[in-house]
Amino acid sequence: MRPYVVPLFCVSVIAGVLSYEHHLKTAAFIASAASAVLFWKNVRWLAAALLALPVFYLYSHVYASVVFPTYNTPPHNSYKVLYTVSSAPDIDGDKITFWAADSNDRNRVYVSYKARSEQEVMFFKKLKSGEKCYMRGDLEIPEPKRNEFGMDFPSFLKQNGAAFIMKLKSVPDGCLSPSTSVINSLANARLAGIKHVTSRYPEDASGLLNALLFGDRNGIAPSITKAYQELGLTHLLAVSGYNVAVLIGLIFLLLGTFGMSKERIYVCLLFLIPSYTVLTGGESSIIRAGIMGCAAVFFLLLKRRVTPASIIGTAFILMLFANPFEIYSLGFQLSFYMTFVLICSKKILLLPGSSIIVMLRATLICQLTSLPFILYHFYEISIWSLPLNAVYIPFISLLLFPLTVLIVPLGAMFPALGSFCDVFLIILTEASSDLLQLAAGHTKPFILGRPNIAFLSGYTAASFYLLTYWEQKRKLAPAAFMPFAAVILLHASVPYLRGEARITFLDVGQGDSIVIELPRRDGVYLLDTGGTLNFGSQKEDWKQRKKEFDITEAAVIPALKGMGIRKIDGLILSHSDADHAGGAHLILKEFSVKKLYVPFHTQMVTQLERSILQNAVKKKTEVIRLKKGMTWNVGESLFSVLSPLGTEEESNDQSIVLWSRIESAKFMFTGDIGAEGESRILKQFKAIKANVLKVGHHGSLTSSTEEFLDAVTPDISIISAGRNNRYGHPAPEILQRLNSNHTKVLRTDINGDIRVTVKNGTIITKTMIKKENR
């Protein structure tokens, strides 16, 4: 078989799977497949490889129809169904989640439950993989992706072969003991191992040790996980091919000591490698490594030669055959792409040098070639990524992981001896985590934003140019990095070349957050930050979660980074309510903010407002208090303050009301101002017409009077409200008023993120969820 056959097969498979949902991206992959023809002339193999495209296109449809047979209509609600637990429950305070499969048709579901008591939590801690339980709950179709740069939960479910979320009504009952299958036994042995490590070691140490040994990252503190992510070290927390290599080496050493022949060791490995795959959680990277390891051992047993490219290509196709939608998983993408690149870089890795030098070369290759994937998913890179990888890869691979493999089992078998050795593990893990958090706290990643298909192709081409140069010249020179530098510079410059204005109304639930990007990035303003409302009292200890959900962190910060925003010229907080200003601390921490605008008022400052102002002073951010009559210009754009006066007593009435002319379009941003404030604005300002109106107070009856709407006469009215919020926003009467004014109504609770683009006098709206509503 020619060397280009397997890669061409894989490209065709990728195109076939992606064509199921993303037609435009398919064209790019078909072009890549066609380019391979330039290097290969065997028409029969070419035809066979290209046939993989329609085959996997059709297979994706068939797979979806089998796994998701009733995707748009849940099969049942609120009655008991027998389910098989397929993963140990993930317990975070009172939040319980796990995977289960319908015992009748094997449909997989993501189970979610909020525990009502500590006894219920204890029940789930004892629940094992493989147990069959009667579960009563509602099957729900996952909400479509609401934020352009936020979590895509439907895709997450598909990657795991599931279609629905099950919201449990109560604790499962009638549970039957799990079968004694090998997979269940290994899964429960993994759970026992995780519990042993968690109980034996301090929290900071146990989280990392469980990640290295069992592929379980749930115990790692959020701050440490964030540090690994920001510094480009997340891959070190995944069990991968290196772990399989260490396992094979240890087995050869152990069994060879007892005089076992190579052939018998190979047979043992064919059973032990799959077992290790299950024992470590079965993530994409370890499954890929397991398949490749078994294939390599199998052909060694047969004394047949096979190319690494053929092995990885076969593993790639087999895994997509098992679940085509796994192609959207970052772990799957990086695992296969990095391994393939390293296989292709054999000549570079074999250049003269010590084993440490070879490892540093591999690190550089992986860092540069993984850049398109990292930028697409995380939007930023860290200058510390390469040097820290150069230090941490040898540290984890050559020291910490081998010690963990030896010491943790030793502690389980001989507790007294293990306690003496545990000290070394604890010191190493905690010191490494402290160093990472220190590095993350003293550096800021460079934000580039999500690259489009052109930049993804550019980064890929630049990386292959660098590898080709390195291979041919047998050394690196500045010329090898020039294409990379050119693509990065162009990527960073694109927003400053864009002649259009973009105003994005982010879906932050029951709150407001609006990103204003002026043409050519003359200015970037963030109007309100959203914020998570806390309606309850202080939680009991057992209910406390490692990290509470924060809408600013989940939606606003990813949006700003995804847009490539590195600096905010003005953070405007319409007023100090938590749903408008609750995320200000995070914004000031994550971004350079030039000016902070807050409403002028004579009333007592709230605790939230005081802490925000103190934080701004520490960050040397200029604070400006806005009141009626103040204006400022940025290029041709005008911002005019219509309210407050400063004498308002109620928080909502203190809202900053901005009338803005951006390009040729006029915008009215009203915060939570009420009817009284609207009436005053009508008396004091005559020309307040606007093309786009941000409807006041989330569409509440307290705002948007008929007189105000008649004066503004908006072409587009945008309501920011939470889905199924407890306040009933927007009020039906307000929707009726807006309809009577013949304005197009868009709502974040229905449409998700809403973007208004102004270019050459034309206003274009785009919503994340495409639903019509009036």
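Reply: A nonpolar core is a set of buried Ala, Val, Leu, Ile, Met, Phe, Trp, Tyr and Cys residues joined through side-chain atoms within 4.5 Å. Buried means under 20% relative accessible area. Keep in mind that this is a predicted model.

Start with the core itself. The largest one has 50 residues. Tyr201, Leu233, Leu269 and Leu436 have the most contacts inside it. Eight helices each supply at least two of its residues: helix 6 (182–200), helix 7 (203–214), helix 8 (222–230), helix 9 (241–257), helix 10 (262–279), helix 11 (284–302), helix 17 (385–413) and helix 18 (415–441). Helix 17 gives the largest share, nine residues.

Now zoom in on leucine 436. Leaving out residues up to four places away in sequence, leucine 436 touches Ala227, Tyr228, Leu231, Leu233, Leu388 and Tyr392. Among these partners, Leu233 is another of the residues with the most contacts inside the core.

Eight strands make it up, in the order 16-15-14-13-12-11-24-25, and their pairing is mixed. Strand 16 (622–626) and strand 25 (762–767) are the edges, each pairing on one side only. Direction ignored, neighbouring strands are turned by 20° against each other on average. Strand 13 (residues 524–527) runs parallel to strand 14 (residues 567–572), and three bridges pair them. Tyrosine 525 has glycine 570 of strand 14 as its bridge partner. Helix 24 (residues 607–618) packs on this sheet. Helix 24 touches strand 15 (592–599) and strand 16, and its direction makes about 150° with that of strand 15.

Finish with strand 18 (residues 637–643). Seven of its seven residues are buried, so strand 18 is largely enclosed by the rest of the structure. Strand 17 (residues 631–634) pairs with strand 18 in the antiparallel sense over four bridges. Two residues separate the strands of this hairpin, and glycine 635 takes a positive phi near 60° there. Strand 18 also joins strand 19 (residues 657–662), again antiparallel, through five bridges. Serine 640 links to both neighbours. Serine 640 is the bridge partner of threonine 631, and serine 640 stands opposite tryptophan 659 in strand 19.

Notes:
Residues numbered from 1 in each chain as written. Predicted model: local features only at pLDDT ≥ 70, side-chain atom pairs only at ≥ 80, totals over all residues. Heavy atoms only, no water. Pairing = 2+ DSSP bridges. Axes fitted to C-alpha atoms, helices over the stretch in contact; angles between N-to-C directions. Contact = heavy atoms within 4.5 Å. Buried < 20%, exposed > 50% of the residue type's maximum accessible area, 1.4 Å probe, protein only.
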